[in-house]
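These are my notebook entries on one structure. I list what I looked up, entry by entry.

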Amino acid sequence: MFQTLYSYFWWERLWLPANLTWADLEDRDGRVYAKASDLYITLPLAFLFLVVRHLFETYVATPLAGLLNVKEKVRLKATPNAVLEKFYAATTKHPKQADVEMLSKKSGCTVRQVERWFRRRRNQDRPSLLKKFREASWRFTFYLIAFIAGMAVIVDKPWFYDLREVWKGYPIQSMLPSQYWYYMIELSFYWSLLFSIASDVKRKDFKEQIIHHVATIILISFSWFANYIRAGTLIMALHDSSDYLLESAKMFNYAGWRNTCNNIFIVFAAVFIITRLVILPFWIMHCTVFYPLDLYPAFFGYYFFNFMMVVLQSLHIFWAYLIIRMAQKFITGKVVEDERSDREETDNSEEEEEAAKNGPLSNGHPVLNNNHRKTD
């Protein structure tokens, strides 16, 4: 049964144009072609990325945070309470008014004390500023290196300047070593992001992030074994062109460099809109949708690849909407928060306000959080 499913999955008519078979893509005469088996290496490389990330965040990002004076916010802790803790862990972190009144009777606390306890308890679970800075530093480093490497891979290729060259001779297009490593590293990195997403800082677009990572992994993998490598390298470099700007803006935000953060974010917004809403749909997707039809009839792989491109483009439109909203607030000088992040909740009782005045406890004050993210 497994062999039957395997044969159906790799049926040439699914992934290759008519009159071509996998035998046409076997290595010969010194020409090397992409193979699905090449992608096996990306899984161990993904775990290697997780190890490298841990070392980077510990020995590079943490000292860098100290140099940039990234300061942790001291949070008031919730008083241990077994009744409230059980409800918090097993039922919900955001109790309704009826639940609050019921918990008040069970725990012996006033309604206001129960509400304050849940606010403090939720704040305890929110990621620290240092954790956010370390994650942003890691992604900034990778995206910057990946963008430079990607440009080095494609800038001297004819299809970088003439998109019709992307399909010249397709699918009998041999693979270069630089293309191999660019693909393996990019795919491994996105696998590592998917593996770590549960432990990374969660935002309101958590589901969209999962969809983005899965769609990216599928696109990179499919474009590899169907030999869409030329188009794939262009798409990956295009995405990396704005990501490092976003992560650097986050780093400066966490360090308290508001003006620098704001200026970089405006540049990021412009680059994101140009690359994701103009170049990608009107140049790259035009290239993948129309140019192949001049060479061969549409087949399943053609429809599948472009469908996944539409999924990515839909996510770009969603994130562009959030980015434009934030950019407008930057330009008008309004206080800006990440549209996708939870706000630090405040306590309004008199004793907490007094504590905030007399000590380092600033939990009672709203926090400016310019932690912008597209696609983290």
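Which residues of the largest nonpolar core touch the most other members? I looked this up and found Val166, Trp167, Trp224, Tyr228, Phe265, Ile284 and Met309, in a core of 74 residues. I take a nonpolar core to be a set of buried Ala, Val, Leu, Ile, Met, Phe, Trp, Tyr and Cys residues joined through side-chain atoms within 4.5 Å. Buried is under 20% relative accessible area, exposed is over 50%, and partly exposed lies in between, with a 1.4 Å probe and protein chains only.

Basis. The model is predicted, and local features need pLDDT of at least 70, side-chain atom pairs count only at pLDDT 80 or more, and totals for chains, interfaces and linings use all residues. Residues are numbered from 1 along each chain as its sequence is written, and side-chain values use heavy atoms, with hydrogens and water left out.

Chain. I counted 13 helices and zero strands. Helices (H or I, at least four residues) and strands (E, at least two) are DSSP runs numbered from the N terminus. Of the 376 residues in the chain, 48% are buried.

Core, continued. I noted that at least two residues of the 74-residue core come from each of α3 (42–67), α7 (129–154), α8 (177–196), α9, α10 (229–254), α11 (258–290) and α12. Helix α12 gives the largest share, 13 residues. A second, separate core has 10 residues, among them Ala78, Val100, Cys109 and Val114.

Trp167. Setting aside neighbours within four places in sequence, I list its contacts as Gln173, Tyr228, Cys287, Thr288, Tyr291, Pro292, Leu295 and Tyr296. Contact here is heavy atoms within 4.5 Å. Tyr291 also has the charged end of Arg164 over its ring, 4.1 Å from the centre. For that label, NZ of Lys or CZ of Arg must be within 6 Å of the ring centre and within 35 degrees of the ring normal.

Aromatic pairs. I found 40 of them in the structure. Rings of Phe, Tyr and Trp (its six-membered ring) pair if their centres lie within 6.5 Å; planes under 30 degrees apart are stacked, over 60 edge-to-face, and the rest tilted. Phe222 and Phe304 are an edge-to-face pair, 5.4 Å centre to centre with 70° between the planes. Phe222 is in helix α9 (residues 206–225) and Phe304 in helix α12 (residues 300–332), so this pair ties together parts 82 residues apart in sequence. Phe222 is buried at 2% relative accessibility, whereas Phe304 is partly exposed at 22%. Both belong to one aromatic cluster, which also includes Trp15, Trp167, Tyr170 and Tyr228.

Ser221. This residue is in helix α9 and is buried, with a relative accessible area of 14%. A polar atom of the Ser221 side chain lies 2.8 Å from the backbone oxygen of Ile217. Not counting residues up to four places away in sequence, Ser221 touches Leu39 and Leu187.

Record. The unreviewed UniProt entry annotates "transmembrane region" over residues 39–56, 140–160, 210–229, 264–284 and 304–324. UniProt positions follow the numbering used here, feature names are shortened, and annotations may be inferred rather than shown by experiment. I checked two of these spans in the model. Residues 210–229 are 85% helix and 0% strand, with end C-alpha atoms 24 Å apart. Residues 304–324 are 100% helix and 0% strand, with end C-alpha atoms 30 Å apart.

Technical notes: A polar contact is a pair of N or O atoms within 3.5 Å; within protein, one must be able to donate a hydrogen and the other to accept it, and residues adjacent in sequence count only if both atoms are side-chain atoms.
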